[in-house]
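Hi,

Here is the model I said I would pass on.

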Amino acid sequence: MKRNLVKLIAGIFAFSVLTLSFCGCEKQNGSGQSSVNGSASEASEPSDPETSGSEEDTGDFTVLEIAPEHEYENIDQVEYCNDRYYIYEQMSEGVEKEVSVLSSVSEKSSADFSLSNVGYNYIQFASVSENTLALIYSDNEDVQHFCTMALDSGEVITDTAVEESSSLSSLGNNGAKEFTLLRTVYGENGKEFYFESYDNEKLELKRSENLNEKLGLPETADIYQVTGGSDGSAYIFATDYGTSYTPDQYLCGLDAEGNLKFTQKNSEKWKGGYIGMYVSGSGDLCFCTTEDYSDIYAYVTDAATGEIKADHTVDIPKNSGFIGGLRLPGFDIAYITSAGVTGYSFETKKSEVVLPFGDTLDPVMKTAYIGSSYGDRVFMYNMTTVEAGRVVTAADSEGKILFSSDLTAARGYACGYCTAPDGRIVYAEAYDPGTGADTRTGKNTEYLFHVLDENGKEQSTFSVEKLKEMNEGSISRMRFGSDGNIYAYILSFKGDYPVPYIYVFDTEGNIKAVFDGAKEQLVASALLVNDSGERAVCINAENKNVIVRLNCEKSLMEEQFTKEPDDEAVIIDGKGSYDLYYMKNNRIYGYRAEDSSENEIMNLENVEQDISSAFVDGDDRVVCTVYDSETGSSGILVLTRNVNN
């Protein structure tokens, strides 16, 4: 039985059944709203009458264009509920966002720190000390600068342009009121590397060590990072490709007088690739590597000899980030998960989210590439393009826009949405909780469901505990059924194959049923859920389309009828006098299972645009998403068959 089901799953996408993005539901009296109170989100005011729909009589049917003045982007789903059209769009253009903050670990608080007094084009490196922030940046002329700013006022203390023959990198603090960095000087004879330390306010040069002379590395070696200790020691990581595809790796140490303490080459204990190093509070050097960012290998190294004293494997959540200059009081190592800046203790082998995203940190810091700490204080910076997200727009029965609301997702992204018969909007926010559980298999997704009222204002949130077992999957579609429950179509990857599930739950998070098709030997391929019933399209072992009723009381897929696959037909959702609706050769057909007959409902050949998807509402009305290939614009048309035709 399992073998047959796997064969069905492997071929699920080989058939002419598409999950199309339309659904309809009748107007419902009464609010049916949850009693849970929630915070309000912003929704736009009703638009001017100019954005009302326009009608055109083509003879066979009347065309109503929904909000023709609205510039639709990527229309993902349209529903007709409560005498309104609800259009769900995925916005195409991202937004560039820049954030720089100072955080207090003990207070778990953050405040914006403006860099506006610095004439930068791009921040390359940053390091924070007791009273100052040091930056290495490039200006609009691509000239590199080294500057310091006062933390209390944000004023620039000193700013020095770097000579053209040099470049600065690997900026840090040594815990002794000095900033350290790596200077690379380009000359006729190649590159020279210098370890330098500066006064942490006026940037007066305190020390400069020629690393080419001190370390005795091959001439082809490149120094990747330097870091300093509070006792004046310096540590250097270098690589040398030479003539090999596999580089030699070197870890070197200098004492406060610039004498070479040790050189470690290609240690057998180092796993994976180097990602950073730092000096711990105890004075030991912590050298870190990783193979695929599912683990960090942290090697506690003797600062005098370079010998490994202890090694630790830190299991981190998938897609975490590591910044060597980021450290947290009370923890041995820090990294960034989707939940926030997280500390890990070597002794207890436990992690804790110290600076969570949301109220404490802007979630844009999930991909931060600059971070530095000094004592209780943490500085973080990021400039990135943020996904534009999803928007729902409501229009009345005449096509006039009533409101638009962002489907906000503070920790993740909106991945599924549906409209209740009373006009409430429910959408799922998928996010990585950052727990670190089973991160090697990517089991990180959880869901928070948001409820908006009939005016697009956020009303409440809820979660579905049982959905945590679907943390390898993603919600593809959601629909409200005639029973008032939400039906969610989820694809979960088991090995190489996507396995579909249908979860049914209410707006308080209570599970009503789960359909996986195992007992019936069916694979669900599409939802046909609306106010007239709860059905699904499945595929059986003979590769035929099976229309089933979803019996929540028994958690059974009850077969209604079977239909031979048609390569030219695309099954669509709808309600009316027919058992099934599909689109074929620019025509909409209704199918009756009793005598296997099909009848043409509407001929769409006169529609000038390309039809992307459709929903049949009562046999004489079709709601279509259309696309104009010449202009690249999208729209929504309501086609109503004329009575005399």
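Predicted model: local features only at pLDDT ≥ 70, side-chain atom pairs only at ≥ 80, totals over all residues.

**Salt bridges around lysine 584**

Lysine 584 and aspartate 566 meet through their side chains in a salt bridge, 3.3 Å from N to O (a Lys or Arg side-chain nitrogen within 4 Å of a carboxyl oxygen of Asp or Glu). The two sit in distant parts of the chain, 18 residues apart: lysine 584 is in strand S45 (residues 580-584), aspartate 566 in the loop between S42 and strand S43 (570-572). Strands here are DSSP E runs of at least two residues, numbered from the N terminus.

Residues are numbered from 1 along each chain as its sequence is written, and side-chain values use heavy atoms, with hydrogens and water left out.

Buried or partly exposed? Lysine 584 counts as buried at 11% relative accessibility, and aspartate 566 as partly exposed at 22% (buried is under 20% relative accessible area, exposed over 50%, partly exposed in between; 1.4 Å probe, protein chains only).

Lysine 584 also has a salt bridge to glutamate 598, at 3.6 Å from N to O. Glutamate 598 is in strand S47 (residues 597-603), so this pair ties together parts 14 residues apart in sequence.

Elsewhere, arginine 477 forms a salt bridge with aspartate 76, with the closest N and O atoms 3.6 Å apart. That pair spans 401 residues, from strand S35 to strand S4 (residues 74-81). In total, the structure holds 20 salt bridges.

Cheers

Conventions:
Helix = DSSP H or I, 4+ residues; strand = E, 2+ residues; numbered from the N terminus.
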